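Dear colleague,

Please find below the model that I am handing over to you.

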Amino acid sequence: KKNLIVFGTRPEAIKMAPLVQEFKKHNDKFETRVCVTAQHREMLDQVLEFFDIVPEYDLNLMKPNQNLYSLTGDIILELKEVLEDFQPDYVYVHGDTTTTMAASIAGFYSGAQICHVEAGLRTHNKRAPFPEEINRQITGRIADYHFAPTTASEQNLLKENIDPKSILVTGNTVIDALMDSSKRVENLENAEIEKLKALVDPTAKLILVTGHRRENHGDGFIRICEALKEIALQNKDTQIIYPVHLNPNVKKPVYELLSDINNIKLIDPLAYPAFVWLMNQSYLIITDSGGVQEEAPSLGKPVLVMRETTERPEAVEAGTVILVGTNKELIISEANSLLTDNLRYQTMTALHNPYGDGKACERIVEFIVKL
Ligand code: UDP
């Protein structure tokens, strides 16, 4: 049987890399090829390099001032060539990006069976987050097989009358990637990690911050920055390290508001190995990222999530993350509490991570083998 694994952004690459590696172990049963749309370019390439993946097809679609209309159209048209060339039996897509949605449609047109990894996440509001929620809902309609990370995501699919036999609860593949990587980065020769070692203040409690979400652009990021400034000023024994997303809607307010505070270090986005290393060094993580809130609890790191709604309620219920939105006072009070209340901190770090055990990809491959 022939597998085509399609992805385009950094988080998809991180979460699909262990699936590519798992399928490559089964070369006797499958011919597996990778197609990248390169919806992100540099942020994707560093992940491919770290996981030693050389895509058979590279659509190289990233353009300046890219918009959703042209990106969607380009992906469908360019994938047509790939699908006609390789004629896969299965097309694998991940999550909720434009690549995911467009590749599902193209794969469906080709007659392949569509396998959705990280299926069933929902906010149930098709406009929030935009366009991710509608991307995953459309992909859920098209997909033949749904690899749901948790039972909550399985339940979302069942409520949409998806055939239970087509759903498998696997855990999130991000944990497969992280388990492999966090071991590897400890002994990795890596210039970026060496630079970080020089930057990190070993006497301080390290707070790692990331943020990029469209719904936080504008006032949201201003409130986030004001909160971070307050946390840094009130807690001189902490150091905030913030790899700032390159999007000007993020970069501009962050550099304007946080540039000259001694214990805040603004740096460029990090390649995945350095980021994993830094997560490991942190005391607390403040983020609006989906992937980071899944990863951090399995490293025993508490997370404040800067989102109003979430398609990942499991961690909130498990207590490994706290939703703080972009509410300045709440971000400050929850951070201060975790910096000073040792018992609360220790309790949170000991909680069970609901997102998996690192065997998601094994389960997916086993399922496909049996079809
Ligand atoms: N990440 C990274 N470098 C960074 C920030 C994040 O490699 O500077 C990784 C992180 O470990 C996680 C993924 O990128 O696996 C999350 O990506 P992002 O926050 O862009 O997207 P989301 O998960 O919100 O879709």
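Two residues are taken to be in contact if their C-beta atoms, placed from the backbone, lie within 7 Å. On that basis, among contacts in the protein chain between residues at least 6 apart in sequence, 69% join residues at least 24 apart.

Two remarks on conventions apply throughout. This is a predicted model, in which local features need pLDDT of at least 70 and side-chain atom pairs count only at pLDDT 80 or more, while totals for chains, interfaces and linings use all residues. Residues are numbered from 1 along each chain as its sequence is written.

Overall fold

The protein chain has 16 helices and 13 strands; these are DSSP runs numbered from the N terminus, with helices being H or I of at least four residues and strands E of at least two. The radius of gyration, taken over C-alpha atoms, is 20 Å, close to the 21 Å that the globule rule gives for 371 residues, so the chain is as compact as a globular protein of that length. The globule rule in question is 2.2 Å times the number of residues to the power 0.38. Along its principal axes the C-alpha trace spans about 60 × 40 × 40 Å. Buried residues account for 48% of the 371 residues, where buried means that 20 or more other C-beta atoms lie within 10 Å of the residue's own, exposed means 12 or fewer, and partly exposed is in between, with C-beta atoms placed from the backbone.

An unreviewed UniProt entry places the feature "domain: UDP-N-acetylglucosamine 2-epimerase" at residues 26–368. UniProt positions are given in the numbering used here, feature names are shortened, and annotations may be inferred rather than shown by experiment. Over residues 26–368 the chain is 48% helix and 15% strand, and the end C-alpha atoms are 11 Å apart.

Domains

The domain assignment gives domain 1 (2–172 + 357–369) and domain 2 (189–349); such bounds come from an automatic or database domain assignment. The centres of domain 1 and domain 2, taken over C-alpha atoms, are separated by 28 Å. In the interface, 16 residues of domain 1 are in contact with 14 residues of domain 2. On the side of domain 1 that touches domain 2, the elements giving two or more residues are α1 and α2 (42–50), and α2 gives the most, with 4 residues. The residues of this side divide into 10 nonpolar, 5 polar and 1 charged. In this classification Ala, Val, Leu, Ile, Met, Phe, Trp, Tyr, Cys and Pro count as nonpolar, Asp, Glu, Lys and Arg as charged, and the others, Gly among them, as polar.

Ligand surroundings

The ligand is surrounded by 16 residues, of which the closest are Tyr-272, Phe-275, Ser-289, Gly-290 and Gly-291; a residue is near a molecule if its C-beta atom, placed from the backbone, lies within 6 Å of it. The elements that give two or more residues to this shell are α1 (10–24), α11 (272–281) and α12 (290–295). Of these, α12 gives the most, with 4 residues. The shell draws at least three residues from each of domain 1 and domain 2, and by class it has 9 nonpolar, 5 polar and 2 charged residues.

Backbone details

Most residues other than glycine have a negative phi, and most peptide bonds are trans.

- The peptide bond from Ala-128 to Pro-129 is cis, with omega near -10°; Pro-129 lies in the loop between β5 (113–117) and α5 (132–142).
- A cis peptide bond also joins Phe-130 and Pro-131, with omega about -5°, and Pro-131 lies in the loop between β5 and α5.
- Gln-87, in the loop between α3 (68–86) and β4 (90–94), has a positive phi near 50°. Gln-87 is exposed, with 12 other C-beta atoms within 10 Å.
- Asn-161, in the loop between α6 (151–159) and β7 (167–169), has a positive phi near 60°. Asn-161 counts as exposed, with 7 C-beta neighbours inside 10 Å.

Finally, Glu-215 is found in the loop between β8 (205–210) and α9 (219–234) and counts as partly exposed, with 15 C-beta neighbours inside 10 Å. Leaving aside its neighbours within four places in sequence, Glu-215 is in contact with Ala-128, Pro-129 and Gly-220.

With kind regards
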